[in-house]
Amino acid sequence: MTFDLLIKNAALPDGRKGMDIACAGGRIAAVDRGIEGDAARVIEAEGRLVSPPFVDSHFHMDATLSLGLPRMNESGTLLEGIALWGELKPLLTHEAVMERALRYCDLAVSQGLLAIRTHVDICDDRLLAAEALLEVKKRIAPYIDLQLVAFPQDGFYRSPNSEKNLIRALDMGVDIVGGIPHFERTMADGAKSVAALCEIAAERGLMVDIHCDETDDPMSRHIETLAYETQRLGLQGRVAGSHLTSMHSMDNYYVSKLLPLIAEAGVSAIANPLINITIQGRHDTYPKRRGQTRVPEMRSQGINIAFGHDCVMDPWYSLGNADMLEVASMGLHVGHMTSREAMRYAFDCVTKNPARIMGLEGYGLEVGCKADMVLLQAADPIEAIRLKARRLAVVKSGRVISETPAQVATLSLEGRPAAVDPADYTPAGS
C-alpha cells in the first residue's frame, strides 16, 4: 500500500510505544507496529511522542499582538485591560486586525496549535473585528480550525447596542453565543443576560461559551444560572463556562452543591491558567489568591475541563507565544496537579478535552481520524510539559506544514558528553 506519510517508532499519549502511523487521503489509514508500505515521506520518530494537535478553546484573536496600543496596562487588572481595549477599539482597522491575527496563526502552526476558539468583541457597532476574523477563518481553514464566539465585551445589557450587534454577528456567520454576566451593572442583569443568551443559542441550534464569574468576588455565581439554563433549554453538551475564577474564593459548602449541578447539566469548564494567575488577586495584600478555578475538584465530579491561552501580548497579558504546553504547565502548578496521573490529565486539558468542547470532527490518533498530529521532542506527555518540548514536525491532513530542529546543546567539558538533549534527562524511577 502507498501512503502520503508514514511515521515510524512513535510513542503515543496513551502509553503505547513503538507505534507506526500511516496517513493517506488526509486521514489516518493505520496505527500499528511494523506497518509496511511505500510512502511519499517517512519520518523516524525514534521513540518520541506523537500527539493530536494542540487545541486552544479560549482566546481573543481580535486583540492579540496589540500590546502597547494605545498604551500599556499599568495596574495589570482585568478592568484596566477592558478600559484599554475600549480606547483601542475606535482605532482598529480591518487590515490591522487581520494582519495581527494571521501573524498569530503562523506562530500557532509552528507550535502545533491547529484548533482555536476565539471570542470576538461585538460591542463596536461597525462589527469590524467580526468581519476581519470571519475573513481570517476562511484564509486559514486549510490548516487551522477556527471557531468565533460573539462576545459582548462591554456587557449584553450594559452596552447599548450589543443585543442587536450579537444577532447581526451570528447572522454574518459567527459560530457561538458568548457573554460576560459579571460585567453587567447588577447581579440581576447578569443572570438575566445568561438566560437571554442561552435562549438565543437554543433557538439557533448553537453552542454557548460564557465568560463566567471572572472575578475574585465569591458572590458572583452566574455559573449556577448557566447550569440551570443549560438544563432548562436542553443545551447539555453544548455549553462551556470560561474562567470561573470566583469559585476559587467561594466557601466549600456552596461549592459542594455547585459542582454536582454543573456536572448534571453537562457544562464544560475552561480555565485560563496564565491569565487567571496574573489578573486575579490584584486587590489582595497577603495572602494573595491564586485565582484559578477548582480544577481537581471539578474533575472529580466528571466535569470536562480544558485549559485556554486566553491572551497573547494584548491589553490583558504582555507575554505568551501560542505554547499550549506552557499553559498546561501553569495549570498543573497552580492546581497542585503534581501526581503523574494528574500531569497526564493536564496534557489532556490542551488536547482532547478542548477538542471535545469545540466538537472537533475526526480529532485523535485512531484509524479514520484526520491526519493531524505533532511530533514532540519528548517521550511522553509529562516530559512534553516539563520541557515545553520542541515541535519537531507539525502535520495537517497528512502533510508536514512546520518543522523545527531538535534542541541539542554542544558541550566542551573534559570527561563529559559532547552533547545534551534535554529529552534524554528522565527521572530514574520513570
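**Exercise 1. Is aspartate 213 buried or exposed, and what is its phi?**

Solution. Start with the accessibility: aspartate 213 counts as buried because its relative accessibility is 1%. Here, buried means under 20% relative accessible area, exposed over 50%, and partly exposed in between, with a 1.4 Å probe and protein chains only.

Next, find its place: aspartate 213 lies in the loop between β10 and α6. Helices (H or I, at least four residues) and strands (E, at least two) are DSSP runs, numbered from the N terminus.

Last, look at the backbone. Phi of aspartate 213 is near 60°, a positive value in a residue other than glycine. Most residues other than glycine have a negative phi, and most peptide bonds are trans.

A word on the model: it is predicted, so local features need pLDDT of at least 70 and side-chain atom pairs count only at pLDDT 80 or more, while totals for chains, interfaces and linings use all residues. Residues are numbered from 1 along each chain as its sequence is written, and side-chain values use heavy atoms, with hydrogens and water left out.

**Exercise 2. Where is glutamate 46, and is it buried or exposed?**

Solution. Glutamate 46 sits in the loop between β4 (38-44) and β5 (49-51). With 54% relative accessibility, glutamate 46 counts as exposed. Its phi is near 55°, a positive value in a residue other than glycine.

**Exercise 3. Which residues does serine 246 touch, not counting residues up to four places away in sequence?**

Solution. First, locate serine 246: it is in the loop between β11 and α7. It counts as buried, at 1% relative accessibility.

Then list the partners. Serine 246 touches Asp213, Thr215, Asp217, Pro218 and Ser220, where contact means heavy atoms within 4.5 Å. Asp213 in that list is the residue with phi near 60° from the opening exercise.

Finally, step over to α6.

**Exercise 4. Which residues of helix α6 are buried, and what covers them?**

Solution. Helix α6 spans residues 222-232, and its buried residues are His222, Ile223, Thr225, Leu226, Ala227, Glu229 and Thr230. Their cover includes α5 (187-204), β10 (208-212), β11 (239-243) and α7 (252-265). Just after α6, glycine 234 takes a positive phi of about 70°.

**Exercise 5. How do α5 and α7 each cross α6?**

Solution. Take α5 to begin with. The axes of α5 and α6 come within 9 Å and cross at roughly 30°. Axes are lines fitted to C-alpha atoms, for helices over the stretch in contact, and angles run from 0 to 180 degrees between N-to-C directions. The two helices are therefore roughly parallel; angles under 35 degrees count as roughly parallel, over 145 as roughly antiparallel, 65 to 115 as roughly perpendicular and the rest as oblique.

The crossing of α5 and α6 is right-handed. A crossing is left-handed if the near helix is turned anticlockwise from the far one by less than a right angle, and right-handed if clockwise.

On the α5 side, Met187, Gly190, Ala191, Val194, Ala195, Cys198 and Glu199 meet His222, Thr225, Leu226, Glu229 and Arg232 of α6. By class, that contact has six nonpolar, three polar and three charged residues. Ala, Val, Leu, Ile, Met, Phe, Trp, Tyr, Cys and Pro count as nonpolar, Asp, Glu, Lys and Arg as charged, and the others, Gly among them, as polar.

Now turn to α7. The axes of α6 and α7 come within 9 Å and cross at roughly 30°, which makes these helices roughly parallel. Their crossing is left-handed. Among the residues making the contact are Ile223 and Ala227 of α6 and Leu258 and Leu261 of α7. The classes here are seven nonpolar, two polar and three charged.

**Exercise 6. How many disulfides does the whole structure hold?**

Solution. A search finds zero; a disulfide is a pair of cysteine sulfur atoms within 2.5 Å. For cysteine 23, the closest cysteine sulfur, in cysteine 369, is 11 Å away, too far for a bond. Cysteine 23 is buried, with a relative accessible area of 0%.
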